[in-house]
Amino acid sequence: MRRLSVAIDGPAGAGKSTVARQVARQLGFTYVDTGAMYRAITWKALQNGSDLTDERKMTQLVRDTHIQLKTDKKEVLVWVDGQPVSEEIRTPEVTSHVSAVAGLAGVRTELLEKQRELALNGGVVMDGRDIGTRVLPEAGVKVFLTASIDERAHRRYNEWLRKGYSVDLEQLKQEIRQRDEKDKNRKHSPLIPAEDAVHLDTTGLTITEVVQAILDLCRTKVGGGE
């Protein structure tokens, strides 16, 4: 399975990153968290006081930024220009702005090239919102994860609480609805399933169950099954 590429797409809170990281570990593959890359750029732009709507400047910021990702057993470690920012890029402030940055065509084009380079030799699990449709359209396994808004909001709510943030559950639900609409309707690389993606609703499923379902898909693919 070493050269197989696995693309996992889906909306915010569907469990993509957690699942993809575990799938990669069990397969012995490299995990690439593309969402962390967009968060890293958003964090840097906020730190610099950049205009997040200025596509030309934001695109240049991506070109001028070195992003390093490393996955350990529990999380994705992220560095921006040599500075560790793993926690900083996952604050509510970055979360509330990342969709706007990710909607810029120039930003997506620049990061797409970096993402494809990471997957050049296969043996990779990559998650995001346009992996199966644009970044890795030839991926051997494509999965589109979904979950109810209530389920996704509760997951995010519990995540924020564990990190010590004060959050409102109903506000989170509204933010997720808005994020879904932005992602689905943006002009560049909208959130849509690849035609050959396997849809997997994670509502009510454990992480272990979702991971096993994807591992089964990978083994079926390698074994020549349908």
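Analyst: First, UniProt positions are given in the numbering used here, feature names are shortened, and annotations may be inferred rather than shown by experiment. This is a predicted model, so local features need pLDDT of at least 70 and side-chain atom pairs count only at pLDDT 80 or more, while totals for chains, interfaces and linings use all residues. Residues are numbered from 1 along each chain as its sequence is written, and side-chain values use heavy atoms, with hydrogens and water left out.

User: OK, where does UniProt place the "binding site"?
Analyst: The unreviewed UniProt entry puts it at Gly10, Pro11, Ala12, Gly13, Ala14, Gly15, Lys16, Ser17 and Thr18.

User: Where does Gly10 lie?
Analyst: Gly10 is in the loop between strand E1 (5-9) and helix H1 (16-27). Helices (H or I, at least four residues) and strands (E, at least two) are DSSP runs, numbered from the N terminus.

User: Is Gly10 buried or exposed?
Analyst: Gly10 counts as buried because its relative accessibility is 0%; buried means under 20% relative accessible area, exposed over 50%, partly exposed in between (1.4 Å probe, protein chains only).

User: And Lys16, buried or exposed?
Analyst: Buried, with a relative accessible area of 7%. Lys16 sits in helix H1.

User: How far is the backbone oxygen of Gly10 from a polar atom of the Lys16 side chain?
Analyst: They are 3.1 Å apart.

User: Switching to H1, which residues are buried there?
Analyst: Lys16, Val19, Ala20, Arg21, Val23, Ala24 and Leu27.

User: What follows H1?
Analyst: Gly28, with a positive phi near 75°.

Methods. Polar contact = N/O pair within 3.5 Å; in protein donor to acceptor, adjacent residues only side chain to side chain.
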